[in-house]
2 protein chains.
Amino acid sequence: MFKTLPGFREFCPEDFAKRSYIFSKWRAKAWAFGFQEFDPPVLESLSLFTEKSGEEIKSQLFEFVDKGDRAVALRPEMTPSLARMVGEKASGIRRPVKWFAIGENYRYERQQKGRLRAFFQFNADILGEESLCADAEIMALLIETLCSFGLTEKEFCLRLGDRDLWLYFLRMNGLPESYDTKVLSVIDKIEKVSAEAFLEMAQKALQDSEVDAEKFVASIKEFVKAQSLEVLEKYAENASEEFKNRLSVWRELFSMLDSMGLSKYVRCDMGIVRGLAYYTGFVFEAFQIVGTGRALAGGGRYDALVKKLGYADMPAVGFGMGDVTLADLLDLVNKNASEDNNIKVYAVIGSESLRAKALSVIFELRRKSVWIDYPLKSSNFAKQFKTANTLKAKYALIFGEEELTQNSVKVKNLVSGIEEMVSLEKINEYNFE
Amino acid sequence: MFKTLPGFREFCPEDFAKRSYIFSKWRAKAWAFGFQEFDPPVLESLSLFTEKSGEEIKSQLFEFVDKGDRAVALRPEMTPSLARMVGEKASGIRRPVKWFAIGENYRYERQQKGRLRAFFQFNADILGEESLCADAEIMALLIETLCSFGLTEKEFCLRLGDRDLWLYFLRMNGLPESYDTKVLSVIDKIEKVSAEAFLEMAQKALQDSEVDAEKFVASIKEFVKAQSLEVLEKYAENASEEFKNRLSVWRELFSMLDSMGLSKYVRCDMGIVRGLAYYTGFVFEAFQIVGTGRALAGGGRYDALVKKLGYADMPAVGFGMGDVTLADLLDLVNKNASEDNNIKVYAVIGSESLRAKALSVIFELRRKSVWIDYPLKSSNFAKQFKTANTLKAKYALIFGEEELTQNSVKVKNLVSGIEEMVSLEKINEYNFE
């Protein structure tokens with residue numbers, strides 16, 4: 001017997017319909033916001049990913065050498081491919097670029113609950129626009145997308161951090177710039193490791209600097225607690241000019257989110273710094289605030305990435321939202337659903353001698369875009385009606401001896417039970433609602 | 001600079017919209033015929049594919065050993081995974097199983113024009129139903145799908161062969177059963193190689209048999225020319241009982257296709273035998289009869305496969321249709337199109353001081369499912385109207401000082417040019433058609 005690989009899913013129609021429900025909501029919101037869909041290749045040159053994230057990423061990739069001796073990898077994320085696609089068109093493309101993608105990504109991760117090796121992600125990005133409005137628009141799309149599933153501020157929130165503000169804070173605490181990347185990736189771990197482990201990580205990151213690790217960690221821990229604009233304002237009292245200026249950007253952002261009616265979903269939270277080194281400026285993660293409290297989506301500014309990959313200067317902001325935690329949350333709050341593509345009509349064929357006539361009517365109706373199915377082999381009336389019900393057909397279209405001698409068919413509404421004789425000439429115009 | 005791998009495509013929004021047009025037609029027809037969508041994993045155990053097709057298939061696969069020491073491969077086709085998925089559910093599943101999939105397959109093939117290494121395929125299959133009606137239904141879906149793109153019998157046809165009839169023919173020509181598979185795979189090449197090469201292949205396949213290769217080849221070449229039911233009927237005059245019986249199945253099939261209004265698309269053609277060993281009974285290929293004459297789709301019965309993979313007995317019939325030749329044909333006959341997901345409304349913001357008000361209206365409208373976009377940075381009127389046109393918006397929603405002092409916005413129909421003042425209270429109910 002054959003099995004799917006660990007961490008991979010197969011979607012039978014029932015699972016597929018659930019997945020389609022999620023994809024269609026994702027797509028509908030992206031369209032309504034003026035985003036356009038793209039799709040990068042599933043398999044790319046390994047270097048596209050190592051260039052962006054360093055050689056370490058290899059351990060998490062499905063990577064191999066193909067029959068043409070190329071080092072290749074299944075995509076672990078869409079962003080590098082997006083950067084290439086937009087980067088290559090950079091000179092001629094209308095800005096802002098508002099693109100989204102829905103596709104599967106692959107990571108060879110240690111098996112654990114809720115972690116898959118193949119998972120779908122909704123990615124939306126705005127490129128070529130540095131204005132704060134782009135940050136607000138991308139956060140708005142994230143929030144409105146979650147709301148379109150019936151989720152409310154009681155079930156999720158957007159935690160908003162700021163790598164720029166962190167940098168100004170680090171400067172105020174005497175940290176030289178060369179330590180920034182290392183220290184930010186340590187701060188990213190603050191919620192994930194014990195206090196002792198965190199101190200140890202910080203000490204390691206600060207090695208050879210003149211910063212006192214214990215004092216520094218205490219000050220970080222305090223700043224991470226800044227979970228409202230008001231608390232940040234207090235920091236501003238004794239802060240550097242750049243820190244103060246950045247806070248006015250925060251105020252502007254919240255005023256925009258207010259106008260959009262979305263500020264109730266957004267929480268200032270300096271604990272959000274995002275692990276990846278390429279983020280700049282605002283970074284955010286959507287969390288469920290019921291159940292496991294897991295992250296639903298994450299994103300932020302990445303103004304330097306496109307240029308880093310060798311293309312034009314292209315400021316950018318975006319997010320990714322996975323299908324697995326979202327589906328789990330929807331299940332938890334009983335808001336999951338399936339795409340409905342049930343057939344409308346089931347044809348009931350009284351006897352095999354009537355099949356030819358039935359087929360000609362069925363195919364005329366199909367050509368009129370009526371969704372209609374029928375038995376592929378001889379079967380009695382009762383069984384055919386049972387099938388009609390199993391398939392959730394709304395109508396039975398009954399071909400019987402009696403009806404056909406009158407040049408008619410019987411239409412039975414399976415919900416109301418009402419039956420109606422319709423002449424064969426008129427059946428093409430019948431309104432199967 | 002980074003490039004896509006040879007034979008792989010990246011879909012920017014323009015290409016994606018073309019692809020979506022094709023996918024949406026595929027999906028719509030499958031739904032209307034009562035098929036349900038499934039999706040197998042992109043990566044599977046190598047053995048799933050070698051079990052079905054033999055070790056030789058490895059040379060055509062993207063296959064590698066993953067970090068957990070598993071021999072794995074990107075799927076070259078969907079059928080083995082489908083057989084597993086249905087096979088595993090075989091005891092409890094309602095029959096017939098009517099499933100379809102739209103997904104990418106991967107084959108490491110020699111690079112040539114029109115051949116990609118990653119291509120999309122529409123697969124539709126009926127499992128658990130041995131009746132001839134299932135063959136007719138699957139051929140009908142194939143034909144109606146092509147017709148839904150506006151293609152007619154002048155642009156494509158379905159060439160219908162029959163491996164059963166071939167077997168009876170081979171028996172009549174004295175070939176022992178043990179040679180069947182080898183000989184059929186040679187016959188499959190008849191249109192693809194020269195007469196000399198064909199004779200050579202036949203001689204090799206017939207080695208150690210008592211059949212005279214030259215006579216045998218002549219007789220095959222004659223039979224391949226049987227391209228109508230009438231010609232086959234002539235063969236029947238001196239044929240075996242099983243050959244005669246099989247011909248009555250042909251007649252029954254054509255009579256069904258007649259009832260469906262589809263026989264004009266179908267040509268009897270004993271030259272179609274399909275290369276893969278697992279086919280049984282009717283086999284078919286859809287060909288374009290304009291331009292390059294390439295195959296658009298292919299399929300047939302494969303009654304033994306599910307059982308061969310270790311599951312229950314599950315007769316099956318299906319087809320696969322690729323996106324590349326189809327798109328090429330649609331381009332050729334000027335019947336290609338793109339999915340339309342243009343925004344409906346573009347908001348024009350008179351000055352930055354009005355942005356907050358504009359945002360609140362825009363987001364109210366978005367919540368009412370109006371597709372609306374707006375400038376992310378300060379921009380003059382003329383430029384914003386230009387953007388509205390570029391984005392193919394049907395309406396401009398104009399936020400100006402004058403309008404807002406009257407607590408109103410201006411709605412301009414960009415097609416008719418008609419302008420209308422609408423109060424902010426009423427704009428939520430405006431019918432952006």
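The model is a predicted one, so local features need pLDDT of at least 70 and side-chain atom pairs count only at pLDDT 80 or more, while totals for chains, interfaces and linings use all residues. Residues are numbered from 1 along each chain as its sequence is written, and chains are lettered from A, with ligands numbered from 1, in the order in which they are written.

On to the interface. Chain A brings 67 residues to the contact and chain B brings 67 residues, where two residues are in contact if their C-beta atoms, placed from the backbone, lie within 7 Å. Of the interface residues of chain A, 100% are also interface residues in chain B, so the copies meet through the same surface. Several elements of chain A each put at least two residues into the side that touches chain B, among them α1 (13-32), β5 (97-106), α4 (132-147) and α10 (241-259). Helices (H or I, at least four residues) and strands (E, at least two) are DSSP runs here, numbered from the N terminus. The largest share of that side of chain A, five residues, is the work of α13(A). By type, the side of chain A that touches chain B splits into 36 nonpolar, 14 polar and 17 charged residues; Ala, Val, Leu, Ile, Met, Phe, Trp, Tyr, Cys and Pro count as nonpolar, Asp, Glu, Lys and Arg as charged, and the others, Gly among them, as polar.

Within chain A, an automatic or database domain assignment gives domain 1 (1-155 + 289-340), domain 2 (161-273) and domain 3 (345-429). The centres of domain 1 and domain 3 of chain A, taken over C-alpha atoms, are 45 Å apart.

Two helix pairs show how the packing looks. In chain A, the axes of α1(A) and helix α12 (residues 323-332) come within 11 Å and cross at roughly 100°; axes are lines fitted to C-alpha atoms, for helices over the stretch in contact, and angles run from 0 to 180 degrees between N-to-C directions. α1(A) and α12(A) are therefore roughly perpendicular to each other, given that angles under 35 degrees count as roughly parallel, over 145 as roughly antiparallel, 65 to 115 as roughly perpendicular and the rest as oblique. K18(A), R19(A) and I22(A) of α1(A) meet D323(A), L326(A) and A327(A) of α12(A), a set of three nonpolar, no polar and three charged residues.

In chain B, helix α9 (residues 229-236) and helix α10 (residues 241-259) pack at about 160°, with their axes 10 Å apart. That makes α9(B) roughly antiparallel to α10(B). The residues in this contact include L232(B) and E233(B) of α9(B), along with W250(B) and F254(B) of α10(B). Seven nonpolar, no polar and three charged residues make up the contact of α9(B) with α10(B).

The peptide bond from R95(A) to P96(A) is cis, with omega near 0°, and P96(A) lies in the loop between α3 and β5 of chain A. In chain B, the bond from R95(B) to P96(B) is cis too. D69(A), in the loop between β3 (63-65) and β4 (71-74) of chain A, has phi near 65°, a positive value in a residue other than glycine.
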